[in-house]
Amino acid sequence: MKTDNIIKGANGHDFDFAVTNRQSCRSFSDKPVDKELLLKLINNTRMAPSACNSQPWRFIVVQGEKARLVKDAVQLDGRNKFTEDCPAFTIVVEQKATLAKGVAIRFDQQKFAQIDIGIATAFYTLTATNIGLSTCILGWFDEEKINKDFNISPDEKVRLVLATGYAADNYELRNKVRKSVDEAADFICD
């Protein structure tokens, strides 16, 4: 495998940097995020692979005064208070996956749209890290409130909210505790 052609991000970082430095930020600065950076996030996110190229997603990027609506929805029952200073949010909406007929019939139990949403979210968070932003993936929110406030249609489902911004100055990279390679993978090779 050729490794001398490493793709660098806007900060000159490589992919390994994004993977090892991405973490769930729970201490945001209130510094606004430039629209160009948010556009870069969405451009990279929409390049994520999806089953039959169905792209079963819609991303609603919210900042400014409307961000208050998202904060109210994610701070349900006193949770996620750390989002108070977060300047931007991306609401990840699942749409119906349009699959090739043979795929839809043969693999009808597979949740392709949900898998695709997960992959797209990984693209988003890794891109954010690479361009100097921090994120936190939120799965706890008042879906009815978000549906109402952002006109989500009944045939769509809000899957995640991605808090997005700059980490506070005193925020440090935490030690990642992960399974060892031996625990996480089996290599079966001839």
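**Exercise 1. Overall organisation**

Among contacts in the protein between residues at least 6 apart in sequence, what percentage join residues at least 24 apart? State also the order of the secondary-structure elements and the buried share of the residues.

*Solution.* The structure is a predicted model, in which local features need pLDDT of at least 70 and side-chain atom pairs count only at pLDDT 80 or more, while totals for chains, interfaces and linings use all residues. Residues are numbered from 1 along each chain as its sequence is written, and side-chain values use heavy atoms, with hydrogens and water left out.

Step 1. Of the contacts between residues at least 6 apart in sequence, 79% join residues at least 24 apart; contact means heavy atoms within 4.5 Å.

Step 2. The protein has 7 helices and 4 strands, taken as DSSP runs (helices H or I, at least four residues; strands E, at least two) and numbered from the N terminus. Their order from the N terminus is α-α-β-α-β-α-α-β-α-β-α.

Step 3. The protein has 190 residues, of which 38% count as buried. Buried means under 20% relative accessible area, exposed over 50%, and partly exposed in between (1.4 Å probe, protein chains only).

**Exercise 2. The packing of α2 and α5**

Describe the geometry and composition of the contact between helices α2 and α5.

*Solution.* Two packed helices are described by the angle between their axes and the distance between the axes.

Step 1. Helix α2 (residues 35-45) packs against helix α5 (residues 112-130) at an angle of about 140°, and their axes are 8 Å apart. Axes are lines fitted to C-alpha atoms, for helices over the stretch in contact, and angles run from 0 to 180 degrees between N-to-C directions.

Step 2. The helices α2 and α5 are therefore oblique to each other. Angles under 35 degrees count as roughly parallel, over 145 as roughly antiparallel, 65 to 115 as roughly perpendicular, and the rest as oblique.

Step 3. On the side of α2, the contact is made by K40, L41, I42, N44 and T45; on the side of α5, by A120, F123, Y124, T127 and A128.

**Exercise 3. Positive phi values**

Where do D77 and N151 lie, and are they buried or exposed?

*Solution.* Most residues other than glycine have a negative phi.

Step 1. D77 has a positive phi near 55°. D77 is found in the loop between α3 (67-74) and β2 (88-94) and is exposed, with a relative accessible area of 62%.

Step 2. For N151, phi is positive at about 50°. N151 lies in the loop between α6 (143-149) and β4 (157-165), and its relative accessible area of 64% makes N151 exposed.
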